[in-house]
Amino acid sequence: MTTETLHPVSPEFAAKALINEQRYQQMYQASVSDPEAFWAEQAKRIDWMKPFSKVKQTSFDDHNVDIKWFLDGHLNVSANCLDRHLETRGDQTAIIWEADEPGQSKHITYRQLHEQVCRFANALKHQGVAQGDVVTIYMPMIPEAAVAMLACTRIGAIHSVVFGGFSPEALAGRILDGRSNVVITADEGVRAGRKTGLKANVDEALTHPEIKTVDKVIVVRHTGADIAWHDHRDLDYAELMAAADAECAPEPMDSEDPLFILYTSGSTGKPKGILHTTGGYLLYASLTHQYVFDYQDGDVYWCTADIGWVTGHSYLIYGPLANGATTLMFEGVPNYPDVTRMAQVIDSHKVNILYTAPTAIRSMMALGDAAMRGADGSSLRVLGSVGEPINPEAWNWYHQTVGKGNCPIVDTWWQTETGGILITPLPGATALKPGSATRPFFGVQPALVDNEGQVLEGATEGNLVLLDSWPGQSRSIFGDHDRFVETYFKTFKGTYFTGDGARRDEDGYYWITGRVDDVLNVSGHRMGTAEIESALVAHKQVAEAAVVGIAHDIKGQGIYVYVTLNSGVEPSEALRLELKNWVRREIGPIASPDCIQWAPGLPKTRSGKIMRRILRKIAASEYEGLGDISTLADPSVVEQLINEHKAMM
Ligand code: PRX
């Protein structure tokens with residue numbers, strides 16, 4: 001093994017860990033040599049209402065993509081997350097909620113959560129929500145969001161959580177695509193002391209002329225703000241809860257019944273409604289949560305992700321609750337009121353396991369050791385990272401400053417589509433290399449292929465694919481199975497293509513190098529270039545737009561936009577600002593461009609394809625080595641763009 005950057009597992013940690021190196025090797029081998037036997041054994045961690053008849057029926061053949069796990073089995077997700085814990089840990093805290101304002105937190109026990117979920121499940125039924133209906137959840141990070149998600153699972157409704165930072169326009173698109181008839185929201189969300197009118201955003205979204213399905217909006221009074229009220233449609237959450245019965249039997253659901261839809265960006269077109277189903281997803285979320293974080297009974301576990309992202313689904317709600325964990329839900333941001341907030345939360349709740357994103361780590365690191373100054377932090381045992389590659393400098397800072405050099409870091413690679421973590425260290429087993437997601441989790445068979453789809457062996461670099469299915473895998477794109485097949489199974493036949501590139505080193509460790517398609521990763525948020533471009537061209541003064549990523553110290557990638565204005569429109573600072581605000585309004589603040597460059601024309605091939613490679617280089621001030629530009633329809637635009645870029649810098 002290369003030793004210069006290697007952090008071996010400490011023998012003390014390994015001795016207490018659930019999985020040590022020997023066990024990892026044994027279990028990994030078993031998981032790939034006889035997947036059926038391995039997963040049948042793991043499936044015992046789920047309470048089945050009816051046993052499954054077959055473990056796995058999966059095919060990645062692009063003429064017949066078929067992914068089914070635990071066939072004919074029946075289970076209920078909320079019963080697995082709540083009911084089965086009541087006897088052993090009914091009075092244990094299930095959710096610690098920490099408010100945006102320091103000093104305000106609440107503990108909700110498993111028994112209390114169970115009761116709230118049952119009540120809300122009854123309330124939903126009472127409003128006519130039935131099995132298979134899509135319920136949109138557009139909420140801040142408050143316990144009622146977890147109640148809403150779990151209540152849907154209890155009655156077999158499919159939830160579609162939309163991140164509270166998305167604009168009314170983006171929310172409308174998702175409501176429309178999901179053909180949802182109920183929206184659950186709150187009056188306002190609060191983050192870093194700033195309020196967002198979520199209910200007002202829902203009202204605005206519902207003015208969309210094509211939305212005809214939504215007849216109920218359920219509103220949690222969170223801040224108590226004055227909000228517009230439509231008697232025919234709006235319902236008060238607290239009133240519904242008070243009127244609802246506290247008992248609700250969990251609906252037996254088939255393993256392959258849809259559990260939720262979650263929209264994510266791709267390289268083309270509108271966001272895709274990634275569909276996850278019930279049995280395989282829950283098992284995979286629970287198993288990975290336990291082993292990847294070495295979660296042990298009594299641990300306090302904190303995942304900082306918002307419920308609007310897949311990390312918030314799998315590792316804030318479903319994985320931890322299925323395991324009977326105490327999961328911390330934080331309404332705010334790590335640097336409010338100041339950079340010590342994260343440490344204060346860790347100390348006041350004695351957090352043992354922290355799972356966060358490189359962008360948060362880098363924003364704390366920018367202030368030296370201030371984030372941990374005066375803090376104790378000794379409760380921490382395991383640290384996790386997710387969402388984008390973590391650069392070694394940030395890794396080392398996280399390890400030394402937050403973890404005091406004692407806590408293994410699990411750099412977990414996965415995607416909305418994968419449902420759970422696929423490549424990751426296990427803290428008691430894997431010697432760490434800063435910046436590497438290391439090795440596959442049980443049952444996961446990664447491979448690197450060249451652009452022709454040839455599998456590459458040994459230490460090499462290529463396109464990251466998965467050769468076989470795992471239980472947490474997405475089954476389809478909601479309402480568009482052809483797009484699912486096209487996006488993931490056509491590029492490299494017989495495999496699932498992740499859209500990521502990776503390097504494998506001589507020790508077999510994987511190093512994710514980032515997306516190989518036109519998807520950006522901004523602060524760990526996935527953004528489709530096509531999505532931002534189509535928002536921009538919807539502006540009446542914009543003729544064309546091309547979006548590329550640029551390196552950004554904190555966000556990982558920033559959004560760089562080339563805009564061609566309609567003829568006769570003069571570029572100005574005011575217009576630049578207007579376009580930035582326009583994108584915020586169309587998609588949300590996370591899509592706000594970092595830089596807009598005016599482009600008299602865009603470098604296109606004669607067939608009209610924009611050469612993003614050239615645009616990426618110019619944005620990065622790399623004017624040399626642009627490659628062959630003679631194939632461009634108009635090679636002179638390149639020089640114009642370079643001159644414009646130089647003038648801006
Ligand atoms: O490019 C990879 C990056 O995030 C993408 C998935 O984004 P999303 O579906 O929004 O899910 C994010 C949370 C799971 C991947 O295709 N990514 C995620 N985790 C890592 C990562 N890149 C490098 N290292 C990671 N640990």
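Predicted model: local features only at pLDDT ≥ 70, side-chain atom pairs only at ≥ 80, totals over all residues.
A residue is taken as buried when its relative accessible area is under 20%. By this criterion Trp414, at 10% relative accessibility, counts as buried.

Trp414 takes part in an aromatic pair with Tyr315: the ring centres are 5.1 Å apart and the planes stand at 90 degrees, so the arrangement is edge-to-face. Tyr315 belongs to helix 12 (residues 310-322), whereas Trp414 is placed in the loop between strand 20 (409-412) and strand 21 (446-449); the pair therefore ties together parts that are 99 residues apart in sequence. Tyr315 is likewise buried, with a relative accessible area of 0%.

In total, the structure holds 34 aromatic pairs. Another of them is formed by Tyr24 and Tyr28, whose ring centres lie 5.8 Å apart with planes at 20 degrees, so this pair is stacked. Both tyrosines are found in helix 2 (residues 21-33), where four residues, about one turn of the helix, separate Tyr24 from Tyr28. Tyr24 and Tyr28 are both buried. Ring pairs also join these two residues into a cluster that includes Phe38, Trp39, Trp48, Phe52, Trp69 and Phe70, as well as Tyr284, Tyr291, Phe441 and Phe442.

Aromatic rings are also approached by charged groups. The charged end of Arg174 is positioned over the ring of Phe166, at 4.2 Å from the ring centre. Arg503 lies over the face of Trp511, and here the distance to the ring centre is 4.8 Å.

An open sheet is built from eight strands in the order 12-11-8-6-7-14-15-24, with mixed pairing. Its edges are strand 12 (234-236) and strand 24 (476-477), each of which pairs on one side only. Within the sheet, strand 8 (residues 182-186) and strand 11 (residues 216-220) run parallel and are joined by five bridges.

With strand 15 (residues 272-277), strand 14 pairs in the antiparallel sense, over six bridges. In that pairing, Ile261 is opposite Leu275 of strand 15.

The largest nonpolar core contains 118 residues, and those with the most contacts inside it are Leu113, Phe120, Ile184 and Phe442. Helix 7 (residues 143-155) contributes the most to this core, with nine residues. Beyond its neighbours within four places in sequence, Phe120 contacts Val147, Ala148, Ala151, Ile184, Ile218, Tyr237 and Met241. Another core, of 39 residues, lies apart from the largest one and has Tyr138, Leu206, Val563 and Leu575 among its members.

Ile175 is located in helix 8 (residues 168-178) and is buried, with a relative accessible area of 0%. When its neighbours within four places in sequence are set aside, the contacts of Ile175 are Thr136, Ser180, Val183, Leu206, Ile211 and Val214. Ile175 and Ala325 are separated by 150 residues in sequence and by 32 Å in space, C-alpha to C-alpha.

Finally, the cysteines were examined. A search of the whole structure returns zero disulfides. For a disulfide, the two cysteine sulfur atoms would have to be within 2.5 Å of each other. The sulfur of Cys81 has its closest cysteine sulfur in Cys118, at 13 Å, which is too far for a bond. For Cys303, the closest cysteine sulfur is that of Cys81, and the separation of 14 Å is again too far for a bond. Both of these cysteines are buried: Cys81 has a relative accessible area of 0%, and Cys303 has a relative accessibility of 1%.

Note on methods:
Residues numbered from 1 in each chain as written. Heavy atoms only, no water. Pairing = 2+ DSSP bridges. Helix = DSSP H or I, 4+ residues; strand = E, 2+ residues; numbered from the N terminus. Phe/Tyr/Trp six-rings, centres within 6.5 Å; stacked < 30°, edge-to-face > 60°. Buried < 20%, exposed > 50% of the residue type's maximum accessible area, 1.4 Å probe, protein only. Lys NZ or Arg CZ within 6 Å of the ring centre and 35° of its normal. Contact = heavy atoms within 4.5 Å. Core = buried A, V, L, I, M, F, W, Y, C linked by side-chain atoms within 4.5 Å.
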